[in-house]
Amino acid sequence: MSRDRVGLLLPVLTAGCILAVLDPRLLLSPTTPAGGDLGLHVFPFSSAVDHLFSSGRLTGWSDGWFGGFPLFYFYFPLPAALVALFAPVVGFPVALKLVASLGLLALPFCGFALARALGFGRLESGVASAVGGGFVFMESFWHLGGNVYSTMTGEFAFSISLALSILYVALVTRAMVASRRGGPIMAAVLAATALSHVLTTLAAVLASIPGALWRRSRPAVLTSWWLGFALAGVWALPFLVRAGEMGHLPWIPGTSPSLLVPVELWFVLPGAVLGLHVLWRSGPRALPLLTLMGASAVVLLVPSGLEMRDRLLPFWYFGIHLLAGLAVGRGIETFLETRSAKALATAVGVGGLLAALFVLRDVSTVRSFAATSLEGYEAQDAWPMHERLIEAVADLPPGRVLWQSDSTLAALGSVNAPALLPYWSADHPTLHGLLVESSRSAPFTLTVLGEVSPAPAKPSFRVWPDEARYDLEAGVAHMAFMGVRYYVTFTDRATATANLRPDLRPLRSDGDFAVFEVDARPLVTPARSGPTVHAGPDFDVVARSWFHRRGRLTEWLVESGPPDWPRATGDPVDWPPAPATASHGLVTAIVEEGDRIQFRTSAVGVPHLVRVSFFPNWRARGAEGPYRAAPSFMVVVPTQETVTLSFEDTWVEWTGRLLTGTALAWLLIQAVRRRRARNTASGKAGGA
């Protein structure tokens, strides 16, 4: 077999090794994915497949978590769209598993494309792709993204976008030396990168700056920037415009310089140094890769105000592996051409270090970890108990659920497995869930989760509110106010404490869990005292202070409202009681259907609290508002007896669609023009 064929075969073999570790049998099993956050992505992805994408929309609303949250406004829609594409063929669970593994399997091929763009031969590029692909077996981190651990924990969107961003850097590199234009293709890849993850897109754009400064590639790179944004505009524009509606991202970034060189990289660094020497001979075309690696390393050391700066480290780790692979590949290629003992020693020496590394890396541990996620919830030892919980909740009348968080729930397949209850039973949304960045209610739901959990499971990289301490009296009051109807306990201590409270009614108990009913407030409540408008800045901060005044939760704090509502500033503790309203009124015929809420009221003109999360896309008919109310609900003032709230597209969504549609039309026109030009040239050549 020729060297070129071996080189072409190596990324295929590397992807095959990754696939073997993931285990095709588990990937194709119809069980529900479990493990960390991967098992929780099941709910929003299934909602998108069943309700959102089927109506031709990329973004929408879900009532499954947080009292409602904007679906795929602040998470990335391309992986979910791929799941929707595969699901009719292989079923939803298998489609989600396959898409979750795509980034890992694609990385060797994208690494090969980058090495080829750098000017290396097929054999050298194949070796580089094989070693670069070995990055996915790194064991030093569990949540940064790109490796098997992170991907099977739930960061599969990052893995997909990482591979796409490497491909984009390859196209930029090629544009620096190739004469033909590549802007549209680069734009499509950049748009796909952005639709998969924002942080990797930032890294890709940073890496492309040398290409934008290089005269030959400048037009293509600049075209890819504006056209890529336009192609992704259907999602990117709403994301940017609505970014202020995001909840606080609970992330503690790593800052230690030791993160740059974890112990397992010590075996790779000697080869990477040699690979850097080899790469340097590639001239200017090496600048995008070096910029990518340099930026991902330097950003780790920036001031602490920048969150998630360690999330770019996977580019540094991958680059180190790729450089080591280039050193081995160049050594083998040189030996085959010249029979040089020095080249052979280089290849054998670096290759030996890499071989030692992969011996030390316990791939069986990686495989076992992946298997836990891919086997699914149904394969866990605790599935019988989990199934009984699902059935017990499903048999209850509709209502919101909150559970006791505890590390022992990991036996279910994920420590937050109860957040998947709305997937198993659509009438039982949970107050808490996964995509905390998607809801400004999330900090409050985290607080309540801590108040009802004696020893809540707190992942090390999450920031929990300081006030999230076990206090069941406060927790019951907050659950009632937040509209939670059912509280589930799993430990003897939590169950015993709940049984002592007269405001919790036992409903189910089978030894492994207990379900209690909370005296939840209705979804829609007329005011007993008038709302008070916070007239100063930092509404979310003031709302937290207000939230902990349990005795005065009947008073409502709003961010804005009609001019006749009283205004106040400072700490709500110092505010005077709000005046009572003229009529309490009666609310009937309450209907909640995902993105539509309707009710009838006898208290026309009286403010009503709607216990559904606020978002600017909500529109009220038959009422003034909605206005944002603490913690992050809505207040409306009915102007007629029947009030309807609906989640609707605004100018933001329509402008985003217009951007994407215009970009696609421009690409089509350019393709037609190029084809006509080729046909004209062919006709002239034939006539001559």
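## Contacts and overall build

Residues 24 or more positions apart account for 74% of those contacts in the chain that have a separation of 6 or more, where contact means heavy atoms within 4.5 Å. This is a predicted model, in which local features need pLDDT of at least 70 and side-chain atom pairs count only at pLDDT 80 or more, while totals for chains, interfaces and linings use all residues. Residues are numbered from 1 along each chain as its sequence is written, and side-chain values use heavy atoms, with hydrogens and water left out.

The chain has 24 helices and 17 strands, which are DSSP runs (helices H or I, at least four residues; strands E, at least two) numbered from the N terminus. Because its radius of gyration, taken over C-alpha atoms, is 28 Å, close to the 26 Å that the globule rule gives for 688 residues, the chain is as compact as a globular protein of that length; the rule is 2.2 Å times the number of residues to the power 0.38.

## Burial

Of the 688 residues of the chain, 57% count as buried, that is, under 20% relative accessible area with a 1.4 Å probe, protein chains only.

Helix α10 (residues 198-213) and helix α11 (residues 218-231) pack at an angle of about 145°, with their axes 7 Å apart; axes are lines fitted to C-alpha atoms over the stretch in contact, and angles run from 0 to 180 degrees between N-to-C directions. Among the residues that meet are V205 and I209 in α10, and V221 and W225 in α11.

Note on methods: Buried < 20%, exposed > 50% of the residue type's maximum accessible area, 1.4 Å probe, protein only.
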